[in-house]
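Me: I would like to go through this model with you, one topic at a time. Could you keep the answers plain and define the terms as they come up?

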Amino acid sequence: MIEIPLAVYLLFLAPLAALAVGFFVTRPLKPEWTHIPILASCVVVTCSAASLAGMVYEGRGLDGTLFYWMVAGDWSVPFGVRIDGVGVSVLSMVSLVGALIHVYAAGYMKGEPGFARFFLVFHLFYLSMIGLLVSNNYVQFYLFWELVGVCSYFLIGYWMHKETARRAAMQAFLTLRVADFGLMLAVLVILGLYRNTRFAALYAVAGALPAGLLALLGVLFVWAAAGKSALFPLYFWLPDAMEGPTPVSALMHAATMVTAGIFLLVRSWPFISLVPGLPEFIAVVGAATAIFAALLAASQTDLKRILAYSTVSHLGLMAFGLGLRHVGAGVFHLVTHGFFKAVLFLCAGILAHAAHKSTVTVSEVGGLWRKMPLTFVCFTAAALSLAGFPFTAGFYSKDAILDAAFAHGGWAVAAGLAIAAGSAFYIFRMLFLTFFGSRADQQTMEHPHEAPPVMAVPVAFLALGAIGVGWLGHGLMRMLLSGWPPSVPPPGLTEPSHAVSAAALMAAALGAGAAYWTTMRLPSWDWDWRRERPALAALFAEDLGWRRVPAACVSSAVWFADKVGRVLDHDSWDAAIEGSAGACRRVSEAGGRLATGSISDSLWWVMTGAAALLAWAGYR
Amino acid sequence: MSQDLLTLFWVMPAVGGLCALLGRQARWPALAFSAATALYGLILLGPASSGAWHSAPVSSPSWAFGIRYLLDCDGLSLSLCWLTAFLTVACVIASWNKDYPPAYWAAFLFLESALLGVFLARDLFLFFVFWEAVLIPMFFIIGLWGMEGRRHAAMKFFLFTFFGSIFLLLGSIALVTRHHAATGVWTWDMAALKGPGGLAGLAIFAAMALGFAVKIPLVPLHTWLPDAHTEAPAAGSVMLAGVLLKMGVYGFLRILWPVFPKLSWELMPWLMLLAGVNVIYGALCAMAQKDLKRLIAYSSVAHLGFCLMGVLSRTPEGLLGGSLQLLNHGITTGALFLMVGFLYERGHRRGLGDYGELYGRAPWLTFFFGVATMSSVGLPGLNGFVGEFMSLIGVARVMPRFVFVGVIGVTLAAAYALPAFQSVFLGPAGKASVSAKVTDLDRRESSLLWALCGAMFAIGIYPAPLLRVLEPFLLGLVPAR
């Protein structure tokens, strides 16, 4: 029996207790206090995560069962925890960033009518992600995976009175469900063959699995991850998910939700890495997603949508890193991305909050750096980190991935540099458009004001993280390696060469310079090309046409269901059954008409019968 | 002794029904007797789980042709009896404020009595008697107290199920006479009967399976179900979907598997195909519905397909999962039909487009409906997932390729359930909307739903104890491989 430390129990019990108190006590009595038990739980979870991270850093992992969930005879699905390097390195980022976003949300959502509902679902979302990161088997993983999806449905659709919010929520849920198909099928296949989904047991037999099965599992995992982590072709729900309140977007993009898909790939890496060609495929999909989304991010006008496409792009970059077999680099970027993307979203939220709207476009801002200096500083720090400016967090993690690209050579180098240039372009475009100017096409905000401390302080902390977490890279790698399944080669983080750094910096400078040119030198360029080429603008608005594909899939599914449910079932088959009653009646009525009761008719029938009998006898 | 304990179980509601018929305040005896039955069912857990009745020598005399009064109770029977008893209490409480005649309350108690009989009987003839007895109160519940098209629906329900019952009876008689011809012993004891092989066995199996299939219902024998569920009063739909459909799958488990161990295994792929058709076809039909009750009715077709898939796999996971899913479906769909009933009482409409924006007016109704919808969709952490998932594991173990169909069904479930929930509760209220009439649940209604949702969470989070209760009989059905 493995001794399970208190921190592990606290990871689950603190949020559950906070949710119970919030639901049963504060919500009915004092809804505006609902955040208090929940913030307390965030503190407990973050501390627990830190203590577990320390434990793993010292080289002690943990894989134990808390209780048995499903049982049948000698078979069971445990509910357990696996505290290993992969889980804990993501867990410590998620718990910290998530907790700070909770604090921010307490300020941002103050006075909203559904404050209690918001915080309860928000915290359940956080709990689900924590649970996902420490699961020790695929069934439990799937449990939290689905819970994350459901919470996101309710959070994206938080402003239900808005048509767009409802549509976005439904689109997100159904898209995720289509993607979850892959995970569920994979888990069932594993269970059908091995009756066991514990990671520890499966890692041990990964090498012995038949090649066909491995390939199937790998493809299913990638499909599922593409849904949650918004990779091409299933990325489209994420930009629309901007309809939720900003803290939700920040949590989804930085800490929970989208990281789940990448985490699934990392968890399943012992299988995926054994499938020939699959890692390369992931790299190609990741690179394509990253470039495609960077292009779209550069064309968006809504601040939150720019950031959303930027997340898609960065998720692509993480997948690119994983696919090039540098798992450590991918995880590292996942962690740093969590910090800087949270800052960017929260800053966008501060701008929206100042404008008293749910979101703002580039036409409504401009020249804000004087009026909102703290927001400007934080945003700039995060933007530099995202663009990979030297010694910021993004620099280290992005260079680790680019290093992998250079090691791979060929197309990967071109793709990596294109991504670096693209991300620098869109984020500096956003920075210049928002904080400098203003321009003729911009109606700047009437009374811009800095955020209250409850919102500003977490953003400042996160901004420090966006600058500084890169320096922890080697500690992170040590942690990652300490609990890594031994059957796979360690995901090392090589020291990036100066040539790679220089190339990356050149690419980023190129992107930033282009952004400067198009926003500062040609201040109305961003509006001009839209006005002059409406067809091109429309093409970008529907993601170069890709959005039509899922729409067509949905409408054909609805059409087919209607044909089956209404035309086939109701109008044809049920009508035929109902018609059989009438047919029976008609037959019996026809029979009844034969029985007229008159003697001559009966005699005729007798004679006919006798004749038929005689004819039959004669024939024999 | 032990048989008398079980006799008391099914007789108690019947006595309550008589009291309700004779007394004036019919709902009070209905509540008292249904509650007493439910509590009594809980007490039976002790002896049932210890297997006390299996070892007890059966001493009841044969009546004629080996027909005997044989009752027994194991985990499978007990869990379905609990479902029956608690849903009856729920139905009584849900109809409390309505001005129904005594016969209404009596009908529910007689229905409960007959259903308990079905689940407790171990003699095939007795089983058939109870099986048919279920039809009578249900026929009146639909036909007398239903919606506009009630008479047509009641007749359709009766003819369909009666059509199935004829085959069931013929099959049973053939089975018993064949058994007599082979062994020289007249018996209707389910545990003792062994089906013949060859073509005769196949014919008997097919006839009895047809009888059960109408009840489940298997596509294409399902068209009675949407009409009956839609036209029945709310409490009637609860019993119909919650318990009556379970009789079909129960018949497969209790009779066909033990009596035809080999044949049923050989036919498994074909039956699995039928169950798969149920899952997909039911889900697609549900997607096309505009009426909330019809939508839930079609979703039952899909869910029972999952139950049957699990049960067909004859693996520990599948058998337990399928049987657990029988309970889960009863709880979840029962709750959904109750809530549609509450909604109908307020707005007098059932169309998806007739409501909207209810989350502000009726937050608790929205909450409970949301939970039940998620359970129906198979969200992990709620009861629906455990049953569905374990059923599918069973399928994955015997027909790995076929599990694909089940997972498509799970995906489709989201595509019909969530849009319906959204358009009624979250979506915009149209011009013709009757949302303004809807008030939130009162204390009686919400306490009922708390109980049902509590069960959903409990089974979803910690199903292991209930699965252990189900195990004894079901694990015996696993063929040696």
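Me: Is strand β2 (residues 75–83) of chain A largely enclosed by the rest of the structure or in the open, and why?
Reply: A note on conventions comes before the answer. This is a predicted model, in which local features need pLDDT of at least 70 and side-chain atom pairs count only at pLDDT 80 or more, while totals for chains, interfaces and linings use all residues. Residues are numbered from 1 along each chain as its sequence is written, and chains are lettered from A and ligands numbered from 1 in the order in which they are written. As for the strand, β2 of chain A is largely enclosed by the rest of the structure, because seven of its nine residues are buried.

Me: What counts as buried, and what counts as a strand?
Reply: A residue is buried if 20 or more other C-beta atoms lie within 10 Å of its own, exposed if 12 or fewer, and partly exposed in between, with C-beta atoms placed from the backbone. Strands (E, at least two residues) and helices (H or I, at least four) are DSSP runs, numbered from the N terminus.

Me: In which sense do β1(A) and β2(A) pair?
Reply: They pair in the antiparallel sense, over nine bridges; pairing requires that DSSP finds at least two bridges between the strands. A:D63 stands opposite A:R82 in β2(A). The hairpin has two residues between the strands, and A:G73 there takes a positive phi near 60°.

Me: Which residues other than glycine have a positive phi in chain A?
Reply: Among them are A:R195, with phi near 60°, and A:D543, with phi near 55°. In general, most residues other than glycine have a negative phi, and most peptide bonds are trans. A:R195 is found in the loop between α6 and α7 (199–205) of chain A, and A:D543 lies in the loop between α23 and α24 of chain A. A:R195 counts as partly exposed because it has 18 C-beta neighbours inside 10 Å. A:D543 has 19 such neighbours inside 10 Å, so it too counts as partly exposed.

Me: And helix α23 of chain A, is that enclosed or in the open?
Reply: Helix α23 (residues 534–541) of chain A lies largely in the open, because the number buried among its eight residues is zero.

Me: What about chain A overall? How many helices and strands are there?
Reply: Chain A has 25 helices and two strands. Of its 620 residues, 56% count as buried. Its C-alpha atoms fill a box of roughly 115 × 65 × 60 Å, taken along the principal axes.

Me: Changing topic: how many residues of chain A are in contact with chain B?
Reply: There are 36 residues of chain A in contact with 41 residues of chain B, where contact requires C-beta atoms, placed from the backbone, within 7 Å.

Me: Which elements of chain A supply that side?
Reply: β1 (62–72), α5 (138–156), α6 (163–194) and α24 (548–594) of chain A each supply at least two residues. α6(A) gives the most, with 13 residues. By class, the side of chain A that touches chain B has 25 nonpolar, four polar and seven charged residues. Ala, Val, Leu, Ile, Met, Phe, Trp, Tyr, Cys and Pro count as nonpolar, Asp, Glu, Lys and Arg as charged, and the others, Gly among them, as polar.

Me: On to chain B: how do α18(B) and α20(B) pack?
Reply: Helix α18 (residues 363–377) and helix α20 (residues 403–426) of chain B pack at an angle of about 170°, with their axes 9 Å apart. That makes α18(B) roughly antiparallel to α20(B). Angles over 145 degrees count as roughly antiparallel, under 35 as roughly parallel, 65 to 115 as roughly perpendicular and the rest as oblique. The axes are lines fitted to C-alpha atoms, for helices over the stretch in contact, and angles run from 0 to 180 degrees between N-to-C directions.

Me: Which classes of residue make that contact?
Reply: The contact of α18(B) with α20(B) has eight nonpolar, four polar and no charged residues. Those in α18(B) include B:F369 and B:T373, and those in α20(B) include B:A417 and B:F421.

Me: Last one: where are the cis peptide bonds in chain B?
Reply: One joins B:I216 and B:P217, with omega about -10°, and another joins B:V219 and B:P220, with omega about 10°. B:P217 lies in the loop between α9 (198–215) and α10 (224–231) of chain B, and B:P220 is also placed in the loop between α9 and α10.

Definitions and conventions: Contact = placed C-beta atoms within 7 Å.
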